[in-house]
Amino acid sequence: MTRNGLSLDTLLAQGGHFVDRETGAVVPPIQPTTTFARNDRYEVTDYIYSRNANPTGAHVEAVLAKLEGAEDALAFSSGMAAVAAFFDSLGAGDHVVAPRVMYHGVADLLRRLADRRGVEVSFFDATGADALEAAIRPGQTSVVWIETCVNPTWDVIDIRTAAKVAHNAGAVLGVDATATPPVTLRALECGADIVFHSATKYLAGHSDLLAGVLATGAMNERWQEIQAARTRMGGVLGAFEAWLLLRGMRTLHLRYERQADNALAIARHFESHTGIEAVLYPGLESHPGHEIARQQMTGSFGAMLSLLIAGGAKAAKRVATRTRLFLPATSLGGVESLIEHRASVEGPLSAVPSNLLRLSVGIERADDLIADLEQALA
């Protein structure tokens, strides 16, 4: 894996191959200013106002574009700010197709667009072989939005197939790749038009900032609309958060490799456990999406997995409150391991099984994490 002759690992470790020309500093500076002076001819130089863009954010965006093999990337103040900007261009009568099981924040936004703006939304079963194609309306569908892997059941959607189906219908394909950062999957290379990350998660990796990212394969009219929406809604990422994000990304490849190794060890250990009905993890050969995941992911199968606990919702909640290392908290991608009863978090509209526990596996020792889950199950 290379970008401009550099491996992704090297590109990340060096913060985008940065050295400050004036000082020789190897870490980019934080530029917190809100406004920028014009030159002596009263011309705008590179920046005018930080709600549009700022130098620290521009640096992290350049690194992200290189990571994704993108024409451009935009950083936002949160993941949902990025998603909102993406869908802002939709109007009455536009049709969106998305998975029935997906991140509930985006599903809620789509329902609101349907209620308030007249956008039509169809949810499809990601486990169905032809369900996506059946949900599309050629000539009317504007956006196909998918996750890979699907949160929190970790079903695997074939991006290349989804891209072909979407493009044949005249739609764009947006991919939420939050759980599969570009050190393991590059959705644009698989045919996606735009890729999204909640950068709060793996890209930043330390549970200490909010950020979202969109990267595009083409600098087209839709991308210009997204840029304008970010400015209009004030969704730009702040300078300090951009600096933190870049710092976190420097160790992304190391963190993610350790986390994915831990997740695979946990999945294999509990695959036949009597207290667990099923382990949902695409790295297991028994997973129905394993072969697709192997083809479109590089080197690992991710660090997210879910357990279906025997005994139903009550038993699952009990396990989630008895772990000692896994913290009962909502998020994913940080260095610390988290556990949550997902249906409780998502609320009454949740399509998630009531006995599902979602695990975000951190960088702790795998045997310690396994022992923690064992004692909680016992």
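A salt bridge is a side-chain nitrogen of Lys or Arg within 4 Å of a carboxyl oxygen of Asp or Glu. The exercises apply this definition to a predicted model, in which local features need pLDDT of at least 70, side-chain atom pairs count only at pLDDT 80 or more, and totals for chains, interfaces and linings use all residues. Residues are numbered from 1 along each chain as its sequence is written, and side-chain values use heavy atoms, with hydrogens and water left out.

**Exercise 1.** Characterise the pairing of glutamate 340 with arginine 358.

*Solution.*
Step 1. The two side chains form a salt bridge, at 2.8 Å from N to O.
Step 2. Distant parts of the chain are linked by this pair: glutamate 340 belongs to strand S13 (residues 338-341) and arginine 358 to strand S14 (residues 356-360), 18 residues apart. Strands (E, at least two residues) and helices (H or I, at least four) are DSSP runs, numbered from the N terminus.
Step 3. Glutamate 340 is buried, at 4% relative accessibility, and arginine 358 is buried at 3%. Buried means under 20% relative accessible area, exposed over 50%, partly exposed in between (1.4 Å probe, protein chains only).
Step 4. A network of salt bridges links Glu340, Arg342, Glu346 and Arg358.

**Exercise 2.** Determine whether aspartate 108 and arginine 111 are buried or partly exposed, and locate their salt bridge.

*Solution.*
Step 1. The closest N and O atoms of aspartate 108 and arginine 111 are 3.0 Å apart.
Step 2. Helix H4 (residues 104-116) holds both residues, three residues apart, about one turn of the helix.
Step 3. Aspartate 108 is partly exposed at 36% relative accessibility; arginine 111 is partly exposed at 28%.
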